[in-house]
Every structure is written in structure tokens, then in C-alpha cells.
Amino acid sequence: PPPVPGEGPPAAGGPPPEGGSAASAAWYGGYGYDSHEAYYAAHPTGVRDYASEKPVAYAAFLNYVTSGYDGPVVTLSDGMCRDTHVGDLLACLESWLYRNMGPPAVSGHPWRMGRLDLSRNALSDDSVTMILERLKTLDIRTRRLILDANMAGGRSLTALVEYVWNCPEAMVEIGLSDNGVQIDAESGTEDPISALLRCLYNHSSYPWKALTDVGGGRQQIQVAPLVLRLGGNFVKSGHLLLDRILEKGGRTHVRFLPTADTYMSDGGEEFLAAFMQGFEQQRIPGVGAGAPAPLALALPPPPSLQGQQPPQRGGGGGGAASSRSYSSYSSRSSVSPHPAVAPPLAPRRRSPRPALTPAPRPPPP
């Protein structure tokens, strides 16, 4: 049985006191776990319920969970989730998903979230890496991942690439501005931002596309660029980095947009479409307004599409095929756009979508 609350911390390796720490008024308890893995490894079945073990802390966590257009929203920003709370956060999140959505193996549906906001928490590179690795392990598919104003670095971006590549559903927003990413694009060496953009280029679910009726029985392909915030880091000569991506990927297939608005594509040949919000503004002397802005290769969207949100995606198709790699600009055919109306949820599928029109690709560098 668990210790009686108020009699001190539990013994090493034992369960936390029931109800968590009475002295803590925030969502996290006073008895944090060293790591999420250790929390579950301590139980012989590998399944534990944080809500049952720490009901007070779990009940406080529920105050930060809301519903949104794309699914559940968890907002623990502005100092509400420090490094010492990450283990508790991951245990809370898994317990909530298990209780509200059921085990994916039973329901047949993966866990989906509309938004996970952990901005302005000064989370370390190790903490952000831990969060991303757990999202990948649990196959939690989030539409928006907000990690601005933390201390994420190279390890975090590497973990982000792994998470994006292994998630078969496209994200619409990734926030990593005002972190600790350090890159010197003048050196010409491999860097994590280039790896992320290359991953998006090779991933068959990016960019988000949909067939849209334009009247007269005609349809066009509507494209929604990924919002990728990487400003306020330590990226030197970032315009050179983007130029190399354009050169290697091909200007027909790579577009860096001036806004996040959806637009009509002429042939749907884009493999990478991104709005690099604030990328030209970095925390390096001499880098900022004077640096060349990201090159925009797409016409502004029609007025009728200004500010329009893409339809909600459903299903688990369109993921990156396991036989492909994001380590180079591999051969890829254009993929079918997403349907204008989201289909019902379906189990995760790994097969690539059928080709729309084959498109030649420049040879890998």
C-alpha cells in the first residue's frame, strides 16, 4: 500500500504518496520521477496510471487541457513546465490519453493532439529531446508543436527530425524560435536545420495538399505551407542555408513562402513548402534585417483563400515509407493531395499515397 500522506517522501524505488505533494499548488507534485522510462520500468507490467497514483496533481493537470478544432490542446507555457517537471508531464499526458482515447491497440486509432504548447519554460536541450522521443515512442500525432523560448539545441532538432519522419501525418506548425540552435551556414557542413528541411522534402505527407473546386467543373491543388519558426537562434548566414536547399531540392519542388496562407499550385509539384517565420532574425551580431530574406517562389494566394485554414485531416495514410531515408534528396513522385473532406479516423498505414503525376527530381548531391 502507498505511504500515508504527510509521513515524508517514499522509499527509494517505491510509489509516490497518494495524492502527491500537499505543499504544491501547481499541477506537478513534489515527488517528481527521475525519468519517464524509470517510472514505467518500476512496474512489472510496464503500465502505470499517474492519475491513480497522484490524483491531486493529475486533477490540476486537467486544468491545462482543452479541446480544439484539431483535437486536444495542452498548454503549459510561461514557466509551468520546468526541467524537473518533464517526467511528471509525460506521465500525466500518457495517463490522460489512455483514459480519454483508450489504448491505440484496442481502439485502432493512434493518439492525436491538436496542439502541445510548452513555450517560454527555459527547458534544456535534454528535456526537449526527452519530450520529442516520448512523442515518437507513443506515436502521438500532434498538429502543432510549440517549443518557442526554451533552450533546445542540436540534440532536440535531431530528435525532432526523427519524430517528424516517423509520424505519417503532417504537422502544420512547429515553433522553435528563441532557442539555442547554433549553426554557421558559411561552413558548408551538415546542420540540423538542413536535416529537418530535407526530412520534410522526402516525407510523402508534406506539404499539405487538397483538391479544391474552382468552378466550371475544374479542380486545382491547394497547398498549405508548414509554419516553421526558427528565428531568434544562433544561425549565421541562414540565407545561404536556404539557398543550398533550393539548389539541391530544385526550385520547382522547394518553396519558401512569405506568409502562412494557403495558395493554389500550378501542378502540385512542391515537395517542400514552408513559411520560415522570422528566420532572418537571429541572435548574432550583424545578422538580422540586413540579411537577405528567404526567397519566395510562389505567387500570393487568391483573395478568397487569404487566412483560410486547411480542412482537418483524418486517417493515418500518407506516412513516410520505411524503405526511404531523409539523409539525402531521394527520388519521389508527386503524391495525391488530401481530400477536401477529412475521411473518418483509420488505423495507421505506412504505404505511400498513389502518384498524381511523376516529376523528375535533381540527382542527390
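**Group meeting talk: a walk through one predicted chain**

Let's start at Q282, which sits in the segment after β13 (272–275). Helices (H or I, at least four residues) and strands (E, at least two) are DSSP runs, numbered from the N terminus. This is a predicted model, where local features need pLDDT of at least 70, side-chain atom pairs count only at pLDDT 80 or more, and totals for chains, interfaces and linings use all residues. Residues are numbered from 1 along each chain as its sequence is written, and side-chain values use heavy atoms, leaving out hydrogens and water.

Back to Q282. Is Q282 buried or exposed? Q282 counts as buried because its relative accessibility is 8%. The cut-offs are these: buried is under 20% relative accessible area, exposed is over 50%, and partly exposed is in between (1.4 Å probe, protein chains only). What does the side chain of Q282 reach? Another is the backbone oxygen of F279, at 2.7 Å.

Now the whole chain. It has nine helices and 13 strands. There are 365 residues, and 54% of them count as buried. Take the contacts with a separation of 6 or more: 78% of them join residues 24 or more positions apart. Contact here means heavy atoms within 4.5 Å.

Next, L197. This residue is in helix α8 (residues 192–202). L197 counts as buried because its relative accessible area is 0%. Which residues does L197 touch, not counting residues up to four places away in sequence? The answer is L228, L241, L242, I245, F256, L272 and M276. Look at L242 in particular. L197 and L242 are 45 residues apart in sequence, and their C-alpha atoms are 9.2 Å apart in space.

Now D213, in strand β7 (residues 208–215). D213 counts as exposed, because its relative accessibility is 59%. Setting aside neighbours within four places in sequence, D213 is in contact with R218 and Q219. With Q219 there is a polar contact, side chain to side chain, at 3.1 Å. A polar contact is a pair of N or O atoms within 3.5 Å; within protein, one must be able to donate a hydrogen and the other to accept it, and residues adjacent in sequence count only if both atoms are side-chain atoms.

On to the backbone. Most residues other than glycine have a negative phi, and most peptide bonds are trans. Here are some exceptions. Y206 and P207 are joined by a cis peptide bond, with omega about -10°. P207 is in the loop between α8 and β7. A122 is not a glycine, yet its phi is positive, about 55°. A122 lies in the loop between β3 (112–117) and α6. A122 counts as partly exposed, because its relative accessibility is 35%. D139 also has a positive phi, near 55°. Where is D139 found? D139 is in the loop between α6 and β4 (141–146). D139 counts as buried, because its relative accessible area is 18%.

Last stop, the second largest cavity. Its lining is L90, L93, E94, R134, L135, L138 and I140. Which helix gives the most to that lining? α4 does, with three residues. α4 (86–101) and α6 (125–137) each supply at least two.

That's the tour. Questions welcome.

Technical notes: On a 1 Å grid over the protein atoms alone, a cavity is a set of points where a 1.4 Å probe fits but cannot get out, and a pocket is an open set with protein on both sides within 12 Å along at least five of seven lines; lining residues have an atom within 4 Å of a point.
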